[in-house]
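Subject: Handing over a structure, with notes

Dear colleague,

I am passing on the structure below, and after it you will find my notes on what was found. Please read them with the model open beside you.

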Amino acid sequence: MVLSLTGFSVLAGGLLGWVNAATADPIAQANAKALSDAIAVVVPGFDNNPAEEAETVEVDGTAYKIYPATKGGEPIGAAVEASANGFGGALTVLVGFDTEGNIIDYSLLSHAETPGLGSKAADWFKKGAKGDIIGKNPGEKPLSVSKDGGEIDAITASTITSRAFLQTVNAAYAAYMNEQVDGTSGASPQH
């Protein structure tokens, strides 16, 4: 019996290792395409390959990925990847900024929020939606929900997710502008 279980465990482990190795490259390619597609949404109109020119910036001990977008060799903005903890876990957002720091668009890359509630962040803050942040500049006034004295409507029944989302956007802005970030609100200090 012990030999049977040992043999089965070795065979199962070998099979899992083989499947992992066989799928690693296709998964990496799919992730790279998803990132490229997300960058094209949040900073449209570039003619370079921002994913290949990614920079990592560290602000207050947190690393942010910045994908610079150019057209004809001139900067047109960048996509910044940032994360914060929401209600259910990490919330990772890719935010597109123009050269002045105005938000062009965003893409929710991953989240562990409640389906039907916190997952609404994918659309809630888009142009024309209740929590519209498009065109806003977090450098002029950090983004915060109206419950905290801000101008942005929180997702109904998901204030924690909304706060985490806006903290992520503020932190992405600070990383883009290479400023220090307040770890609680995600806001950059006023100058």
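Which side chain meets that of Arg-163 in a salt bridge? Asp-148 is the partner, at 2.8 Å from N to O, where a salt bridge is taken as a side-chain nitrogen of Lys or Arg within 4 Å of a carboxyl oxygen of Asp or Glu. The pair links distant parts of the chain, with Arg-163 in helix H3 and Asp-148 in the loop between H2 and H3, 15 residues apart.

Before going further, please note that this is a predicted model, in which local features need pLDDT of at least 70 and side-chain atom pairs count only at pLDDT 80 or more, while totals for chains, interfaces and linings use all residues. Residues are numbered from 1 along each chain as its sequence is written, and side-chain values use heavy atoms, with hydrogens and water left out.

The overall layout

The protein chain contains 3 helices and 5 strands, and their order along the sequence is α-β-β-β-β-β-α-α; here helices (H or I, at least four residues) and strands (E, at least two) are DSSP runs, numbered from the N terminus. About 70 × 45 × 30 Å is the span of the C-alpha trace along its principal axes. Of the 191 residues in the protein chain, 39% are buried, a word that stands for under 20% relative accessible area, with exposed meaning over 50% and partly exposed in between (1.4 Å probe, protein chains only).

Helix H1

Helix H1 covers residues 2-42, and its 41 residues should span 60 Å at 1.5 Å a residue, which agrees with the 56 Å between its end C-alpha atoms; the expected span is 1.5 Å times one less than the number of residues. There is a kink of about 35° at Ala-24, shortly before the proline Pro-26, where the bend at a residue is the angle between axes fitted to the seven residues ending there and the seven starting there.

Within H1, Leu-35, Ala-38, Ile-39 and Val-42 are buried, whereas Leu-11, Leu-15, Trp-18 and Val-19 form a nonpolar patch on the surface that has about 440 Å² of accessible area together. Patches are made of residues with over 30% relative accessible area and no salt bridge, like charges being joined within 9 Å and nonpolar side chains (Val, Leu, Ile, Met, Phe, Trp, Tyr) within 5 Å, and the areas come from the Shrake-Rupley method with a 1.4 Å probe, for which only the protein chains shown count as cover for residues. Val-19, for its part, is partly exposed, at a relative accessible area of 38%.

Lys-33 is exposed, at 52% relative accessibility, while Asp-37 is partly exposed, at 39%.

The strands

Strand S4 (residues 90-97) is joined to strand S5 (residues 103-110) by 6 bridges, and the two run antiparallel. S4 also pairs with strand S3 (residues 74-85), in the antiparallel sense over 8 bridges; strands are said to pair if DSSP finds at least two bridges between them. Val-95 stands opposite Tyr-106 in S5, and Val-80 stands opposite Val-95 in S4. Both pairings are hairpins: S3 and S4 have 4 residues between them, with Gly-89 in the turn at a positive phi of about 145°, and S4 and S5 have 5 residues between them, with Gly-101 in the turn at a positive phi of about 95°. Because 7 of the 8 residues of S4 are buried, this strand is largely enclosed by the rest of the structure.

Helix H3 (residues 159-176) reaches 25 Å from its first C-alpha to its last, close to the 26 Å expected. After H3 comes Asn-178, whose phi is positive, near 55°.

A search of the whole structure finds 4 salt bridges, one of which joins the side chains of Glu-151 and Lys-141 at 3.7 Å, N to O. Glu-151 counts as exposed, at 57% relative accessibility, and Lys-141 as partly exposed, at 43%.

With kind regards
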